[in-house]
Amino acid sequence: MTAGTGSALVLNAGSRTIKASLVDRSNRTLATADADRLDGSGDADDRATLERLVGAVRAAAGDRAPSVVGHRVVHGGSVFRSPVVVDDAVLARIDELSTLAPLHNPVALGVIRAARTLLPDVPHVACFDTAFHATLPEVAWRYPLPDRWLDDWGVRRYGFHGLSIEWSVGRAAERLDRPARALDLVVAHLGGGCSVTAVRGGRSAWTSMGLTPLEGLMMTTRSGSIDPGALVLALRRGLSADELEAALDHDSGLRGVAGSGDLRVVEAAARDGDARARLAIAMFVDRAAAEIAAAATRLRRIDALVFTGGIGEHSVRVRGSIVRRLAALRAGAPPVLVVEAREDLVIARAALRHARPGGS
């Protein structure tokens, strides 16, 4: 067996799959693999799935064992503002935050628990999508709601996709040949979940997602922002909280309008003349352009508009339509960059740094 000195196993549980990659200290990806997403229970089935996934990655890397495991966790609340080495107390706090991210944090917990059982002799580091947004000013993170909603329930804007945005900012700095601290960027992460972030001097200044990953843009199966009165109406008409949550998370967005949450399917239907598919794409573009315009008002200038995420990277039609909608804002025509999402490399760097004695 090859020694694992200086390599990080990254486990990234998404909405449909869990991806694993082995990354060395030079940020070189040694191997990748993916599998159906774990259900978050941490039971024998989860452990068996993870064992097959980790085995595939290690085999592809010459049976190289990792020296640390890095985990993506969507919601760190106000508790976790940077990566942290996992222990039982950390797991308990992540579990408490599951009420704010019921679709994501329980799955992350299941992955971490299964991974700690499978790889008990190496440190595990949790990296949080919310942490990048710890720099949001109060004017951006506070909602105009009664104080007790914030004080008792933690209702505020947290923001998400931070690992992806951090990577995009770094890549934009490289491609523009300028330090990140000198850049004002708008980063549009368009994938299964969609968000827009205003980045001022390399730091988050405003972001479209809020308390949960539901706020903001129209997404593939999530509604994005709608009139809160519609939610009150649905509850008064007899929907339970669970039914309402399921409708907003799973049956809305592209799926709610066009019948499918897969943009490729919707685009194909639109090409064949399907009116609902065309409407869904037009709505998606309209809301994305509006949020990008909103982000621009938080910046002194726009040095670049960055697209990332599966849709942002691969849908030329959607990307082009959004940019055309923004023509009125393009004074000086800032560059439009497309960046491959690589949260795994951000997680690997953080995990290797925090696993070292004295890491911070």
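How many residues of the lining of the second largest cavity are nonpolar, how many polar and how many charged? The lining divides into 6 nonpolar, 2 polar and 2 charged residues. Here Ala, Val, Leu, Ile, Met, Phe, Trp, Tyr, Cys and Pro count as nonpolar, Asp, Glu, Lys and Arg as charged, and the others, Gly among them, as polar.

This is a predicted model, in which local features need pLDDT of at least 70 and side-chain atom pairs count only at pLDDT 80 or more, while totals for chains, interfaces and linings use all residues. Residues are numbered from 1 along each chain as its sequence is written, and side-chain values use heavy atoms, with hydrogens and water left out.

## Cavities

Rolling a probe the size of a water molecule over the atoms shows where empty space is left. A cavity is a set of points, on a 1 Å grid over the protein atoms alone, where a 1.4 Å probe fits but cannot get out; its lining residues have an atom within 4 Å of a point. Grid points are joined across faces, edges and corners, and a volume is the space filled by probe spheres set on the points. By this rule there are 3 cavities of 30 Å³ or more. The second largest cavity has a volume of about 70 Å³. It is lined by 10 residues, and Ala13, Val74, His104, Val107 and Ala108 are the closest to its centre. Strand S4 (68-73) and helix H3 (105-118) are the elements that give two or more residues to this lining. Helices (H or I, at least four residues) and strands (E, at least two) are DSSP runs, numbered from the N terminus.

## Aromatic rings

A pair of aromatic rings is described by the distance of the centres and the angle of the planes. Rings of Phe, Tyr and Trp (its six-membered ring) pair if their centres lie within 6.5 Å; planes under 30 degrees apart count as stacked, over 60 as edge-to-face and the rest as tilted. The structure holds 2 aromatic pairs. Phe80 and Phe128 form a stacked pair, with 4.7 Å from centre to centre and 0° between the planes. This pair links distant parts of the chain, 48 residues apart: Phe80 is in the loop between S4 and strand S5 (84-85), and Phe128 is in strand S6 (residues 124-128). Both Phe80 and Phe128 are buried, where buried means under 20% relative accessible area, exposed over 50%, and partly exposed in between (1.4 Å probe, protein chains only).

Trp149 and Trp153 form a tilted pair, 5.5 Å centre to centre with 50° between the planes. What separates these two residues in helix H5 (residues 147-153)? They are 4 residues apart in that helix, which means about one helical turn. An α-helix has 3.6 residues a turn, so residues three or four places apart point the same way. Trp149 is partly exposed at 31% relative accessibility, and Trp153 is partly exposed at 49%.

Another ring has a charge over it: Arg156 lies over the face of Trp141, at 4.3 Å from the ring centre. The rule is that NZ of Lys or CZ of Arg is within 6 Å of the ring centre and within 35 degrees of the ring normal.

## Helix H14

Helix H14 (residues 343-355) has 13 residues, which at 1.5 Å a residue should span 18 Å; its end C-alpha atoms are 18 Å apart, so the two values agree. The expected span is 1.5 Å times one less than the number of residues. H14 is mostly covered, with 10 of its 13 residues buried. Among them are Leu345, Val346, Ile347 and Leu352, as well as Glu343, Asp344 and His354. Glu343 has a relative accessible area of 13%.

## Positive phi

Most residues other than glycine have a negative phi. His161, in the loop between H5 and helix H6 (162-176), has a positive phi near 60°. His161 is buried, at 9% relative accessibility. Asp177 has a positive phi of about 55° and lies in the loop between H6 and strand S7 (184-190). Asp177 is exposed, with a relative accessible area of 71%.

## Separations

| Residues | Apart along the chain | C-alpha separation |
|---|---|---|
| Ser260 and Thr220 | 40 residues | 7.9 Å |
| Gly170 and Val68 | 102 residues | 23 Å |
| Glu343 and Cys127 | 216 residues | 9.9 Å |

Ser260 is in the loop between helix H9 (253-258) and helix H10 (263-271) and is buried at 17% relative accessibility. Gly170 is in helix H6 and is partly exposed at 29%.

Definitions and conventions:
1 Å grid on protein atoms, 1.4 Å probe; cavity = no way out; pocket = protein on both sides within 12 Å on 5 of 7 lines; lining within 4 Å.
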